[in-house]
There are 2 protein chains.
Amino acid sequence: MRIALDAMGGDHGPEELISGALLAVEQADLQISLVGDEPLLQSYLERRASDSKTAACLRIVHASQVVGMDEHPVDAIRKKKDSSIVIAFDLVLRGEVEAVVSAGNSGATMAAALRKLGRIKNVSRPGIASVFPTLKNPVVMMDVGANVDCRPLHLYQFGVMAAAFARIYNIQQPRVGLLTIGEETGKGNTLVKEAYELLKDSPLNFIGNVEGRDVFQGNVDVIICDGFVGNICLKVSEGLAEAAMQMLRNEIIKSPMAKLGYLLARPAFKAFKRRVDYAEYGGAPLLGINGTGIVCHGKSSAQAIKNAILEAVHMVRNNVNDVIARNLGADDREVSTGV
Amino acid sequence: MRIALDAMGGDHGPEELISGALLAVEQADLQISLVGDEPLLQSYLERRASDSKTAACLRIVHASQVVGMDEHPVDAIRKKKDSSIVIAFDLVLRGEVEAVVSAGNSGATMAAALRKLGRIKNVSRPGIASVFPTLKNPVVMMDVGANVDCRPLHLYQFGVMAAAFARIYNIQQPRVGLLTIGEETGKGNTLVKEAYELLKDSPLNFIGNVEGRDVFQGNVDVIICDGFVGNICLKVSEGLAEAAMQMLRNEIIKSPMAKLGYLLARPAFKAFKRRVDYAEYGGAPLLGINGTGIVCHGKSSAQAIKNAILEAVHMVRNNVNDVIARNLGADDREVSTGV
C-alpha cells in the first residue's frame with residue numbers, strides 16, 4: 001500500500017517523522033512518499049536509511065511550502081498551493097497513494113482533504129474522530145473539533161462514520177452511545193435530545209445516552225458528540241493526565257522512601273503510561289472525506305507516526321469509506337479515491 | 001452560624017452525614033439542624049454524640065419524606081412538601097439557618113432553593129459551580145449542570161457569580177477564562193463567540209479563552225462554560241481519574257517488585273489522592289439563588305460533608321450573594337435571606 005506522509009508537519013521536525021516512516025516500512029509492505037522540502041528531507045534520509053531495501057520503500061515528493069501550526073486553515077490552503085499537506089492530497093487525487101498522514105495543522109489537513117477530495121456522498125459534515133484508551137477496548141469519539149455548531153443530523157452521521165471506523169478494531173456491531181449529562185432518555189441539551197430520536201430509530205447498535213464518566217470504562221465502542229464538546233473532552237483528559245502525573249511526581253520527590261518505591265514500581269508505571277499514551281493509538285482519522293487521512297498530535301513521536309501510518313493502512317483495507325457510503329444510503333456514489 | 005444539613009441525602013445514609021456534622025462543629029462555632037426522619041436521626045445521634053457540648057450544637061428538625069436520587073427534581077419538590085430538602089430551605093426562609101448543605105438529588109436541591117428562596121435580583125439563570133484541584137490553586141468552574149441550553153448573557157453571569165464565589169479563596173481579582181477549543185479570539189461555537197464579546201467589555205478580570213488542557217494548570221481562577229459542557233468536563237475528569245488509578249493498580253499487582261515499590265511510595269500516593277480528592281474541596285455551591293446552598297457528591301464521606309459545611313460558612317461570611325447582586329447592578333434588591 002502507498003501512503004503519503006506530510007514530512008514537514010509536527011513539533012519535532014522531519015527527522016522524527018522519517019523515523020516513524022522507517023519503523024512503519026519495517027512492519028508492513030508499504031511505499032511511503034515523504035512530502036516536503038526535498039534537499040532537507042534528502043539529507044535526513046541519507047543519514048538514516050542506509051539499508052537499501054528500506055530506502056527503496058521511501059521516496060521524496062518535493063513541496064516548497066509549509067503550513068504553520070497557527071495559520072488559519074482555509075486561508076493557508078488557498079494561499080499555499082505548494083505546501084506539503086496540499087501536495088500530499090494531490091498524490092491521492094492522482095492515484096499515487098491511498099492515504100495521507102500528517103502531524104501538522106489539523107484544520108489545514110481537513111481543509112486540504114476537503115478541497116482536493118471532497119466528501120463522501122450524503123455526508124453533511126466530515127469530522128475528526130479520536131481514539132481513547134479505556135479499561136477495556138479503545139473507544140472512538142466523534143467529532144473532536146471539526147464541527148463546533150452541529151445539527152442533530154450531523155451527530156447521527158458522526159455515529160455512522162465512527163461505527164464504520166471501529167471496524168478496524170474488529171468490532172462488527174459497535175455499541176454506539178450519545179454523550180450527554182444523564183443516562184436516562186430525555187437528558188441533555190436540545191441538540192442531544194433531537195439527535196437521540198434519530199439514533200434510536202437507526203440501524204446503528206445504539207445503546208442510548210452515555211455520561212462523561214463512561215468514556216473510560218470501555219462499555220461503549222463509539223461515543224457521539226459535537227466537535228466543541230469532543231475537543232474539550234479530549235483536551236481536559238490530556239490536561240488532567242499530565243497534571244495528575246505532575247502532582248504525583250511532586251509528592252514522590254518529597255520522600256526518599258517514596259522515590260525508592262517509585263523506582264521499584266517503575267516498570268508498572270511505564271506499562272501504565274504505554275496503556276494511556278495517545279501514541280499507541282495512532283492518530284485521529286478524518287471521517288467523511290472521499291479518501292483516507294489521519295491527523296496526528298503535533299508532538300507525535302516516531303512511534304506515534306508509525307502507528308498512525310498502520311492505522312491508515314487498516315482504514316483502507318477495511319473499506320471504511322465504502323461502509324460509510326453504504327450506511328448513508330449512497331450506494332450510487334462513484335468509487336472514492338483511496339478505498 | 002446556623003446551617004441546615006439534609007440528613008437523608010447521599011449514598012451512605014444519615015450516619016456518614018451526622019459524622020460530617022460532628023466534625024464540622026468541632027472546627028467552627030456552628031449550630032447545625034439535621035433535617036430528616038426524627039426517630040431515625042435521634043437513634044444515630046444518641047450513639048454518636050455522647051459529648052454534651054457537641055450534642056448541644058446539633059438539633060433535629062423532622063421531615064417525613066425523602067427525595068430519591070433518581071426522582072424528577074421539580075416534580076419531587078412539588079409533591080414532597082415535607083421532604084428533608086424542602087424543609088431545609090424552609091428553615092432558611094424562616095430565618096432559622098443561614099445556609100443548606102445536601103448530598104441528595106442535586107437537581108431537587110436547586111429546585112427547592114429556587115422555589116423557597118428565589119433568585120438574586122437580575123440573575124437570569126442560577127447555576128452550580130464546581131471546584132477543581134489544579135497544579136496551583138483550585139479553579140471554580142460554572143455552570144456544571146443546571147443549565148444545558150444557554151444564551152451568551154447566562155455565560156457572562158456565570159462569570160460574575162463564580163468570580164464572587166472565588167472570594168472565599170481570598171482571590172480578590174479572580175482571572176476569569178471562557179472555556180473553548182482554541183486560545184485565539186474567535187475560536188469556539190456561536191454561543192462562546194458571543195459570550196466573549198460580553199466578557200471582554202465587562203468589569204471582570206477576563207483573561208480570554210482557555211482550553212480544556214488549561215483546567216488543571218492553575219493559571220485561571222474561574223472557568224465559564226454552559227452546564228452541558230461543564231457537567232461533561234466534571235464527569236470525564238472523575239471517570240478518567242478513577243480509570244487511571246484502576247489501570248495503574250492493574251499494572252502494579254502484576255509484579256511483586258512493583259507491589260513492594262507501591263507500598264514504599266504509599267504515603268506519596270495518599271498525599272496525591274488527598275490533593276485530587278473532590279472531598280477536600282467541599283461541595284458545589286448553588287450560585288444565583290437568594291440564599292446559600294451547597295450540593296455534595298452523593299458518595300460524600302464525613303470529611304467531604306464537613307468541608308462542604310465549612311464552605312457554606314465561608315460563603316455567608318464573604319457575602320458572596322451581596323457581591324453577585326452588586327456586580328449585576330442589583331443594588332436596590334432587598335437583603336436576601338442568608339447573607
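Start in chain B of this predicted model and select strands S1 and S4 (residues 99–102): four bridges join the two, and they run parallel. Now click on B:Asp6, which stands opposite B:Ser102 in S4(B).

Keep B:Asp6 selected and look for its partner in another strand. Here B:Asp6 stands opposite B:Val35 in S2(B). Colour S2(B), residues 31–36, next to S1(B): this pair is parallel too, with five bridges between them. Is S1(B) mostly covered or mostly open? Select residues 2–6 of chain B and you'll find the strand mostly covered, with four of its five residues buried.

Next, hop over to chain A and colour it by domain. Domain 1 is 1–119 plus 288–339, and domain 2 is 124–283. Their C-alpha centres are 24 Å apart. Where they touch, domain 1 of chain A puts in 27 residues and domain 2 of chain A 18. On the domain 1 side, pick out H6 (106–117), S11 (293–295), H11 (302–317) and H12 (320–327) of chain A, the elements that each give two or more residues. H11(A) has the largest share of that side, eight residues.

Last stop: A:Arg151, in the loop between S6 (139–142) and H7 (152–165) of chain A. This residue counts as partly exposed because 15 other C-beta atoms lie within 10 Å. Draw a C-alpha to C-alpha distance from A:Arg151 to A:Tyr281: 29 Å in space, for 130 residues in sequence.

Technical notes. Residues are numbered from 1 along each chain as its sequence is written. Chains are lettered from A and ligands numbered from 1 in the order in which they are written. This is a predicted model: local features need pLDDT of at least 70, side-chain atom pairs count only at pLDDT 80 or more; totals for chains, interfaces and linings use all residues. A residue is buried if 20 or more other C-beta atoms lie within 10 Å of its own, exposed if 12 or fewer, and partly exposed in between; C-beta atoms are placed from the backbone. Two strands pair if DSSP finds at least two bridges between them. Domain bounds come from an automatic or database domain assignment. Two residues are in contact if their C-beta atoms, placed from the backbone, lie within 7 Å.
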